[in-house]
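This report walks through one protein structure, from the whole chain down to single residues. The sequence and the structure come first.

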Amino acid sequence: MSQERPVRVRIAPSPTGDPHVGTAYIALFNYAFAKKHDGKFILRIEDTDRTRSRPEWETMLIEALTWLGLHWDEGPDVGGPHGPYRQSERGPIYREHCDMLIERGHAYRCFCTAERLETVRQRQRAASETLGYDGHCRTLGVDEVRARLAAGEAHVVRLKVPKDGTTVVRDRLRGDVSFENTQVDDQVLLKSDGMPTYHLANVVDDHLMGISHVMRAEEWITSTPKHVLLYQGFGWQPPEFIHMPLLRNQDKSKISKRKNPVSLNFYRQAGFLPEAMLNYLGMMGWTMPDAREKFSVDEMIADFTFDRISLGGPVFDVQKLTWLNGLYLRELEPKDLVARLREQVLSDEALLRVAPLVRERIEKLEDWVDYTAFFFSGEVAYDAEAREAMVPKKRDAMETAGVLTSVLEVVDGVPAIDPMPFEEMLRGLADRLGWKAKEVFMALRIAVTGRKATPPLFETMAVLGKERCRRRLRQAIALLHTMGPAAGDASPPTSHG
């Protein structure tokens, strides 16, 4: 591994959803490598997707990584000499570099319409050809391009990939990986709205920020030949690439929210300790020299080497993480355990959010414990009465499971549950599914609380929080599937929300 350049590494997440354990995993390894070599660890926000990126997601991401204790040397919140650290604020830089590539003959302007591109794709599918741009605009003359620009025609900028030969990606863990250029598409670099795609922004930012090593998930390795070609087009030295093995479910599929809780917010709210989470993520594809399973981040840094990384897909096992978290909890002194409870589970903020919802419903202070238990527990118990009431009359369990699955999709899509707009979303969902709103609301109330009578539903859900609500929705859906007809006897309604 070359150490000619100072070690500068980064994570570059997109603020398009909940902070993901996969982001924390990649961040940890970048952090450990940087600290091992007295380097710099940088946070860059890749927020050029205008339709999906939201400031709320960025805030959650920064809060989650801060909770873990992974502190960056440069970033949007702390500044640094290579800012801005949000790609949405770097538009002129990308446009300038696109012009540079066009002038050097490594990129071109493409005026093809969406309709023409779809026609090309349909023809390629019919002929069982590899899908990709057909190069229609690669050979447009300078005068024609100028005329079409002067006429205000919408266009994108594409990478001009060589028609023959191979592009070699040198990966620290895999050696040289060759890609036939005929299999590499003329990737869009700059969209018609002037915003860059991931590929252009990634390469330009990594170079301008002096990134020496790009450590990211292995799913990006097939994109890397485009990045290598961009480095060549600019005449820049590429960083060293290290593509880490993907986190996997028990069945070896890519980790996903359908089979595992993947949001860092879930683990934080459930009361996992950040040091236990980092310890566990450090075990994902990497081992300590003495093979011990419990170690601190400082111990990981001291012994860190890429030679101890295994390319076999590491399985993210919540039960193993829970076991490890238990070890850390049992080592806490009682006063420290109480402090953690006050910090993560029974904070003044949490208690103050619950108090207004229950003070009119209790007679004695001791009533608080029974009446508010579902606000603080993980999963809930559904007694026989709750199970019966969860399924509306004239509906069956499978139909109800389908509706709650649609509700879960709505929950997944919002940064947090805001009572009024969330209620409106669910009323719209009920209309689309042909259910009465009160049927949906009762099933939902019991799913997330285990009770028929609670404080106002949507205010209650806001206090429970998104993570606890969707955890219980999954629990209720699984229960309903055990109560309903055999799979295939009833189809859950389709959500268009």
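## Terms and basis

A salt bridge is counted when a side-chain nitrogen of Lys or Arg lies within 4 Å of a carboxyl oxygen of Asp or Glu. By that rule, R170 and D176 are joined through their side chains, at 3.6 Å from N to O.

The model is predicted: local features need pLDDT of at least 70, side-chain atom pairs count only at pLDDT 80 or more, and totals for chains, interfaces and linings use all residues. Residues are numbered from 1 along each chain as its sequence is written, and side-chain values use heavy atoms, with hydrogens and water left out.

## The chain as a whole

The protein chain has 20 helices and 9 strands. These elements are DSSP runs numbered from the N terminus, with helices being H or I over at least four residues and strands being E over at least two. Along the principal axes, the C-alpha atoms fill a box of roughly 80 × 55 × 40 Å.

Of the 497 residues, 50% count as buried. Buried means under 20% relative accessible area, exposed means over 50%, and partly exposed is in between, with a 1.4 Å probe and protein chains only. The accessible surface of the chain comes to about 23,700 Å², and 51% of this belongs to carbon and sulfur atoms. Such areas come from the Shrake-Rupley method with a 1.4 Å probe; for residues, only the protein chains shown count as cover. Among contacts (heavy atoms within 4.5 Å) with a separation of 6 or more, 75% are between residues 24 or more positions apart.

## Helix α4

Helix α4 covers residues 114-126. Its 13 residues reach 18 Å from the first C-alpha to the last, close to the 18 Å expected at 1.5 Å a residue. The expected span is 1.5 Å times one less than the number of residues.

Which residues of α4 are buried? They include L117, V120 and Q124. Seen down the axis of α4, the buried residues fall within an arc of 60 degrees, so they line one face of the helix. The arc is that of the directions from the helix axis to the C-beta atoms. An α-helix has 3.6 residues a turn, so residues three or four places apart point the same way. Strand β4 (156-159) is part of what covers the buried residues of α4. On the face turned away from the buried side are the exposed residues E115 and A126.

## Backbone exceptions

Most residues other than glycine have a negative phi, and most peptide bonds are trans. S128, which follows α4, has a positive phi near 55 degrees and is not a glycine. S128 sits in the loop between α4 and α5 (142-150), and it counts as exposed because its relative accessibility is 70%.

D38 also has a positive phi, about 55 degrees, without being a glycine. The loop between α1 (21-36) and β2 (40-43) holds D38, which is exposed at 74% relative accessibility. The peptide bond from G83 to P84 is cis, with omega near 0 degrees. P84 belongs to the loop between α2 (55-68) and α3 (91-103).

## Salt bridges

There are 42 salt bridges in the structure. Another bridge joins K335 and D336, at 3.4 Å from N to O. K335 is exposed at 63%, while D336 is partly exposed at 31%.

R470 and E467 meet at 2.9 Å, N to O. Both lie in helix α20 (residues 466-483), 3 residues apart, about one turn of the helix. Is this pair buried or exposed? R470 and E467 are both buried.

## A buried asparagine and a surface patch

N202 is found in helix α6 (residues 198-208). N202 counts as buried because its relative accessible area is 2%. Leaving out residues up to four places away in sequence, N202 touches R10, R44, E46, Q87, R216 and H227.

On the surface, L337, L341 and L346 form a nonpolar patch with about 210 Å² of accessible area together. Patches are made of residues with over 30% relative accessible area and no salt bridge; like charges are joined within 9 Å, and nonpolar side chains (Val, Leu, Ile, Met, Phe, Trp, Tyr) within 5 Å. L341 is in helix α12 (residues 334-345) and is partly exposed at 37% relative accessibility.
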